[in-house]
Structures are given as structure tokens and as C-alpha cells.
Amino acid sequence: MAILEIKNVGKRFGGLQALGDVNLSVAENTVHAIIGPNGAGKSTLLNCLVGKLIPDTGSVTFQGQSLLGRKPHEINQMGVSRVFQTPEIFADLTVMENIMIPCFAHRDGSFKMNAFAAVRGQGDIKDQAEAILDDVNMLEKRDMHAASLSRGDKRRLEMAMCLVQEPKLLLLDEPTAGMARADTNNTIDLLKEIKEKRDITMAIIEHDMHVVFSMAERITVLAQGTPLVEDTPDNIKGHPKVREAYLGEAQV
């Protein structure tokens, strides 16, 4: 069953067609990768899914409900969370405080400016925060300032902040960008653990084919704003159009 349905989506910026008649379904409890070179339309498509852009044509539904016209925070409350290319964390707070912020905001129903002060006195949500940190193997770093973390740990922290919202769909925008191979492999392992423990559907935009073929169950290849091929990883690897246009003879 599809948790996310994209039908006939098109988006233009002036004379530039960024997306043209995109049709894509993401099955529940799967990892679906969206790949393609710069300019293929991946980021435009992702921004249409999270409310930053409104398509000119077509529809986008999540669990049967339209996402179009909704603000990003409304889409988040529906169960769709996004991980950005650059980890979005509060660098001047500790790891624990970073987790307690969304814990407070989630149960309160909105993010308030006084949340930074409020979390310091909210002992009753510490258990929830510690459980989330334990899930991402960051509990021992709870008192460290976020600014001092490695890029890989900053990514783990950002994912933990997303998990507080108990998402059904996690959108990952190049989650291993700028990482060393060891951190990349650790992130792959973490995402697999999260999916197994929480039954979260994942849609990944990624350039690193090692990440794509290590995780994805379905892959959609975009070319100039339209899907070129959608298939299993094994078939994508050997597809002549994909190999010629994007993958070459890259080792996986």
C-alpha cells in the first residue's frame, strides 16, 4: 500500500521546467531512493512534499490526505519529517536539551519561543528524551554541547529530534553529505535500525550510490524533471539508460 502518492506533478520557474508530469508512489514501510544529477529536479520535488513549494499541476497525498497548500509545520504534524543536507540542530545547547526542545514542542502542540528556557525545568520529559537518545546510540553524549559533535553525530542528533515527532514518513535529503566513509556507514546502519524498530517509511534523495544500494528497496531515477526509470536496485544497476546517463561503471 502506498503511503505517499505523487501524481502528474509539474513545477516551472519562469521559463524553466523543473518538474514535468512526475508520477511516483512510495510503498509503506519501504526505503525509496530518488537519484539523478544536479538539476534533475530532486530538491524541487522534495520541497513540494514538505510545503516549501506548491506544484503548478498535479497532486501529492500522504496517507490519502493532500499535502498541497499546507504549511511545513502542518505537514510535520501529519507525520512527515525531513532531514536536511546540513544538520539542523541548536548548536549552543547540549545534546539532551536539543532533544527536550521537540519533546516539549510536540506535547504542547506548537513550538514556542520560551521552549529554550522551559526545557531546563522539565524533568518529567527527560525519560522520553533519554529513550530517544538511546535509540540512536547518543545517550552517553547527552551532556555534550551540540557544536562540539562530529558531523556524523550531529546527523544522529538531528534524526533523534525527528523521531520525537513519531513520524510515519522520513524524508532524507542527502543524509551522508560531507561525511567520511566510516560516518557514512554508521549512518546507514542507524537508518536501518530506526526503520526496523519504528516501522518508518523512508524516501531518500542521495548522490552517494553506496548509500542508495545499501538501503533502497525501490529507486526512481529523475532526468530533467521527469522519471527516467523506477525499479529495484538490481535492475537499476544494470539498466542501460541509467548506466549511460548517471551511474557509469561506479563501484558499489
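Me: How many nonpolar, polar and charged residues make up the lining of the largest cavity?

Reply: This is a predicted model, in which local features need pLDDT of at least 70, side-chain atom pairs count only at pLDDT 80 or more, and totals for chains, interfaces and linings use all residues. Residues are numbered from 1 along each chain as its sequence is written, and side-chain values use heavy atoms, leaving out hydrogens and water. Ala, Val, Leu, Ile, Met, Phe, Trp, Tyr, Cys and Pro count as nonpolar, Asp, Glu, Lys and Arg as charged, and the others, Gly among them, as polar. On that basis the lining of the largest cavity has nine nonpolar, no polar and one charged.

Me: Which element gives the most to the lining of the largest cavity?

Reply: A cavity is a set of points on a 1 Å grid over the protein atoms alone where a 1.4 Å probe fits but cannot get out, and lining residues have an atom within 4 Å of a point. Here the lining consists of I34, K42, L45, L46, L49, L171, L172, A203, I204 and I205. Two or more of these residues come from each of α1, β7 (169-173) and β8 (201-205). With four residues, the element that gives the most is α1.

Me: How much space lies in the largest cavity?

Reply: The whole structure holds one cavity of 30 Å³ or more. The space in the largest cavity is about 50 Å³.

Me: Is α6 roughly parallel or roughly antiparallel to α7?

Reply: Helix α6 (residues 151-163) packs against helix α7 (residues 181-198) at about 15°, and their axes are 10 Å apart. Angles under 35 degrees count as roughly parallel and those over 145 as roughly antiparallel. Therefore the two helices, α6 and α7, are roughly parallel.

Me: How many nonpolar, polar and charged residues are in the contact of α6 with α7?

Reply: Contact means heavy atoms within 4.5 Å. From α6, G152, R155, R156, M159 and L163 meet D183, N186, T187, L190, L191, I194 and R198 in α7. By class, these are five nonpolar, three polar and four charged residues.

Definitions and conventions:
Axes fitted to C-alpha atoms, helices over the stretch in contact; angles between N-to-C directions. Parallel < 35°, antiparallel > 145°, perpendicular 65-115°, else oblique. 1 Å grid on protein atoms, 1.4 Å probe; cavity = no way out; pocket = protein on both sides within 12 Å on 5 of 7 lines; lining within 4 Å. Points joined across faces, edges and corners; volume = space filled by probe spheres on them.
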